[in-house]
Amino acid sequence: MSRSVRNIIRITIIIGIVVLTAVTLWFNFSSKNQSTKVGDTAVDFKLKTTEGEVIHLYELTKEKGVIINFWGTWCKPCREEIPHLSEANDLGDGSDYEIITVNVSENKQQINQFLNSLEEEVNLRMAMDSDRSVTKAYNVGPLPTTIAVDKNNKIVKKQEYQLTQEDIQDFIKALNDKGE
């Protein structure tokens with residue numbers, strides 16, 4: 001292959017990389033799908049739980065704050081976090097806040113197998129977001145992601161990645177401080 005042909009190929013490859021990078025950056029920065037943040041109005045949703053009941057966010061927030069935890073059975077930090085969330089939910093008297101979980105893209109059987117594999121008993125309402133519509137509405141990226149919604153349907157706290165027990169208490173405090 002001659003030197004001029006190699007140079008043309010190199011230039012073509014470099015131009016292709018630059019164009020693809022520019023298009024990717026343009027789509028990422030011009031997208032209207034911004035991340036959900038503190039101060040935003042929570043997106044209302046209705047999801048079915050593993051027990052067959054329907055959770056309606058705005059119905060829950062009429063009376064109490066809600067901590068929404070997005071998770072997956074394959075997620076190791078979720079496995080460690082779920083028992084702590086259940087414990088915090090059990091410690092509350094049910095009048096100030098409720099913790100609900102939203103499983104992303106899995107079915108009832110997968111969720112139940114996961115729960116049965118845990119050493120601790122879990123007492124949380126497990127909503128199923130099979131089509132990821134709620135996950136997409138909240139622009140959830142990494143799992144777990146946790147969002148606190150007060151009685152005014154405002155997001156008062158959000159954290160991506162695993163919560164510690166102290167973090168969970170901070171979520172509860174955020175609801176009590178803002179949800180009055």
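These legends describe close-up views of a predicted model.

**View 1. The five-stranded sheet.** Five strands make up an open sheet. Their order is β5-β4-β3-β6-β7, with mixed pairing. The edges are β5, residues 125–129, and β7, residues 155–160. Each of these two strands pairs on one side only. From one strand to the next, the twist averages 20 degrees.

**View 2. Helices on the sheet.** Helix α3 packs on the sheet. Its contacts are with β3 (65–71), β4 (97–104), β5 and β6. The directions of α3 and β4 make an angle of about 155 degrees. Helix α4, residues 108–117, also packs on the sheet. This helix touches β3, β4 and β5. Between the directions of α4 and β5 the angle is about 145 degrees.

View 3. How many residues of β3 are buried? Seven of its seven are, and the strand is mostly covered. Gly65, Ile67, Asn69 and Trp71 point one way from β3. Val66, Ile68 and Phe70 point the other way. Residues of both sets are buried. β3 pairs with β4 in the parallel sense, over seven bridges. Within that pairing, glycine 65 has tyrosine 97 of β4 as its bridge partner. The chain leaves β3, passes through α3 and reaches β4. This β-α-β crossover is right-handed. With β6, β3 runs antiparallel, and five bridges join the two. Valine 66 stands opposite valine 149 of β6.

**View 4. The β6–β7 pairing.** Strand β6 covers residues 145–149. Five bridges join β6 to β7, and the two strands run antiparallel. Threonine 145 faces glutamate 160 of β7 across this pairing.

**View 5. The disulfide.** By the distance rule applied to sulfur atoms, the model has one disulfide. Cysteine 75 and cysteine 78 form it, with sulfur atoms 2.4 Å apart. Which hand does the disulfide of cysteine 75 and cysteine 78 have? The torsion about the S-S bond is about 75 degrees, so the disulfide is right-handed. Both ends are buried: cysteine 75 has a relative accessible area of 3%, and cysteine 78 has 0% relative accessibility.

**View 6. Phenylalanine 70 in the nonpolar core.** In soluble globular proteins, nonpolar side chains tend to be buried together. Here the largest nonpolar core holds 45 residues. Which of them touch the most other members? They are Phe45, Ile68, Phe70, Ile82, Met126 and Tyr138. Phenylalanine 70 belongs to β3 and is buried. Beyond its neighbours within four places in sequence, phenylalanine 70 contacts Val102, Val104, Val134, Thr135 and Tyr138, among others.

**View 7. Leucine 85 in helix α3.** Leucine 85 sits in α3, which spans residues 76–91. Is leucine 85 buried or exposed? The relative accessibility of leucine 85 is 1%, under the 20% cut-off, so this residue counts as buried. Residues up to four places away in sequence aside, leucine 85 touches Asn69, Ile99, Leu124, Leu163 and Ile168. One of these, Asn69, lies in β3. Leucine 85 and asparagine 123 are 38 residues apart along the chain. Their C-alpha atoms are separated by 8.9 Å.

**View 8. Serine 86 in helix α3.** Serine 86 is also placed in α3. Its relative accessible area is 1%, and serine 86 is buried. What does serine 86 touch, not counting residues up to four places away in sequence? The contacts are Glu121, Val122, Asn123 and Leu124. Leu124 is also touched by leucine 85.

**View 9. Leucine 163 in a loop.** Where is leucine 163 placed? This residue is in the loop between β7 and α6, the latter spanning 165–178. Leucine 163 is buried, with a relative accessible area of 2%. Apart from neighbours within four places in sequence, its contacts are Glu81, Leu85, Thr146, Ile168 and Phe171. Ile168 is touched by leucine 85 as well. Leucine 163 and glutamate 80 are 83 residues apart in sequence. In space, C-alpha to C-alpha, the two are 9.1 Å apart.

How values were computed:
Residues numbered from 1 in each chain as written. Predicted model: local features only at pLDDT ≥ 70, side-chain atom pairs only at ≥ 80, totals over all residues. Heavy atoms only, no water. Helix = DSSP H or I, 4+ residues; strand = E, 2+ residues; numbered from the N terminus. Buried < 20%, exposed > 50% of the residue type's maximum accessible area, 1.4 Å probe, protein only. Contact = heavy atoms within 4.5 Å. Pairing = 2+ DSSP bridges. Axes fitted to C-alpha atoms, helices over the stretch in contact; angles between N-to-C directions. Disulfide = S-S within 2.5 Å. Right-handed = clockwise from strand over helix to strand, strands pointing away. Core = buried A, V, L, I, M, F, W, Y, C linked by side-chain atoms within 4.5 Å.
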